[in-house]
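Notes follow in the order I checked things.

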Amino acid sequence: MTTINALDHEALSTMYSNLMEEYEAFKAKNLSLNMARGKPSPEQLDLSMDLLNKLDSLDVKDSIDIRNYGGLDGLTEMKELFAQLLQINTSEVIVGGNSSLSLMHDTISRALLKGVVDSDMPWVKAPKVKFLCPSPGYDRHFAICEMYDIEMITIDMLEDGPDMNQVEELVRNDDTIRGIWCVPKYSNPEGTTYSDEVVDRLANMETKAKDFRIFWDDAYTVHHLTDNPPVLKNILKACKDAGNPNRVFIFASTSKVTFPGSGVSVIAASEENIGFIKKQLAVQTIGADKINQLRHVRFLKDAENVKLHMKKHAEIVKPKFDLVLNKLESEFGNDNIASWGKPEGGYFISLNTLDGCATEVVRLASEAGVTLTGAGATYPYGKDPRDRNIRIAPTFPSLTELEAAMEVLCLCVKLASVKKLLG
């Protein structure tokens with residue numbers, strides 16, 4: 001079979017005309033399909049409906065009235081559950097509301113205003129604050145930095161995590177670099193799980209800023225698609241072993257485990273970090289929603305039961321990932337106009353087009369009724385230097401909708417690619 005790349009100008013022109021006819025036919029269907037954000041489907045949300053019926057009693061280990069004020073750092077039972085899932089101690093946990101993103105935002109804002117445990121001054125008083133941003137990465141991390149005028153430095157993502165040669169060189173020589181964003185398990189959107197070597201190098205590296213922090217967004221820690229998922233090395237233990245116990249803040253939540261609108265979040269860190277944060281948090285709140293925490297504990301029970309619950313999620317999600325991957329393989333397996341990741345978990349698939357084509361693909365798809373994450377969103381400042389990365393979010397649409405959306409997406413990739421080759 002002749003690949004698109006090998007076609008001459010005349011053959012490409014003919015192909016472009018034929019593809020445009022197909023495209024106009026899709027536009028005439030007035031589709032309205034969305035693959036822009038990683039949301040659980042209604043079928044996934046239905047898995048947790050029994051969560052709403054778990055308050056036959058309000059008894060808890062702390063012997064407090066959970067309807068009232070108090071419990072700043074969360075119910076003991078909820079801390080114990082998160083400690084099991086993250087393999088840490090309960091004394092290293094603060095339980096929050098439904099959004100780990102809120103915890104990340106607040107941790108950044110408090111560091112800017114008050115510094116962190118090892119700071120000589122609030123970060124905002126420094127001439128400049130910079131963050132390292134492994135990319136493609138999570139747009140909401142970048143949005144926090146952009147809102148607070150934190151300069152972002154793009155770090156290349158490799159097959160085993162961020163390019164540690166880049167990272168180590170930068171943090172060794174620049175004391176304005178105060179942190180790095182990491183999605184270490186099934187990274188958003190690449191689906192990468194950091195290798196043990198990357199975890200160890202992050203924990204051990206020499207940093208010119210003594211209050212440098214790793215923002216470890218472990219959002220997909222239990223979101224597996226296989227029965228033998230990759231194992232992520234414990235970053236908090238690695239930091240302790242390296243003599244840098246305060247280096248990492250770990251974030252996670254139940255938002256895609258139960259209900260995104262009423263999940264439970266967590267920040268985990270060294271006991272010194274936790275004590276420092278609790279003093280500041282006491283001014284901000286008198287405690288998160290303990291009733292919701294109790295419902296979650298009774299529904300999820302323990303780490304083993306969470307594993308069983310997540311297998312039910314995988315039974316719904318994996319066929320969607322398979323559909324996308326099979327479609328990409330059938331359409332582009334013999335061509336060099338696209339490449340993609342094959343994640344073993346998480347919520348996204350990362351698609352790379354030919355350089356300079358992603359913006360055009362997203363535009364064409366939108367005009368045909370398929371909404372994708374904006375081109376460039378997976379890079380700081382929304383600027384993909386090669387204009388090639390597109391994040392696919394397969395979880396929310398039905399299989400029928402997803403199949404139609406992928407037909408349109410693949411057609412748009414071909415159109416944009418042939419147009420570029422003709423140019």
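Which residue in E9 is the bridge partner of Phe251? I looked it up: Ile267. I keep in mind that this is a predicted model.

**Strand E8**

I went through E8, residues 248-253, next. I found 6 of its 6 residues buried, so the strand is largely enclosed by the rest of the structure. I checked each face. Val248, Ile250 and Ala252 are buried on one side, and Phe249, Phe251 and Ser253 are buried on the other.

**Its partners**

I then traced the pairing. E8 runs antiparallel to E9 (residues 265-268), with 4 bridges. With E7 (residues 213-217) the sense is parallel, again over 4 bridges. Opposite Val248 of E8 I found Ile214. From E7 the chain passes through helix H8 (residues 235-241) to reach E8, and this β-α-β crossover is right-handed.

**Largest pocket**

I noted a volume of about 810 Å³. I counted 31 lining residues, with Lys185, Thr221, Val222, His224 and Pro229 nearest the centre. Helices H3 (76-86), H8 and H11 (303-332) are the elements that each give two or more residues to this lining. H11 gives the most, 9 residues. By class I have 16 nonpolar, 6 polar and 9 charged.

**Second largest pocket**

Here I noted about 530 Å³. The lining has 21 residues, and Gly38, Tyr138, Arg140, Ser255 and Lys256 lie nearest the centre. Helix H4 (residues 100-114) gives the most to this lining, with 3 residues. I logged 9 nonpolar, 7 polar and 5 charged residues.

Conventions: Residues numbered from 1 in each chain as written. Predicted model: local features only at pLDDT ≥ 70, side-chain atom pairs only at ≥ 80, totals over all residues. Heavy atoms only, no water. Buried < 20%, exposed > 50% of the residue type's maximum accessible area, 1.4 Å probe, protein only. Pairing = 2+ DSSP bridges. Right-handed = clockwise from strand over helix to strand, strands pointing away. 1 Å grid on protein atoms, 1.4 Å probe; cavity = no way out; pocket = protein on both sides within 12 Å on 5 of 7 lines; lining within 4 Å. Points joined across faces, edges and corners; volume = space filled by probe spheres on them. Nonpolar A, V, L, I, M, F, W, Y, C, P; charged D, E, K, R; others polar.
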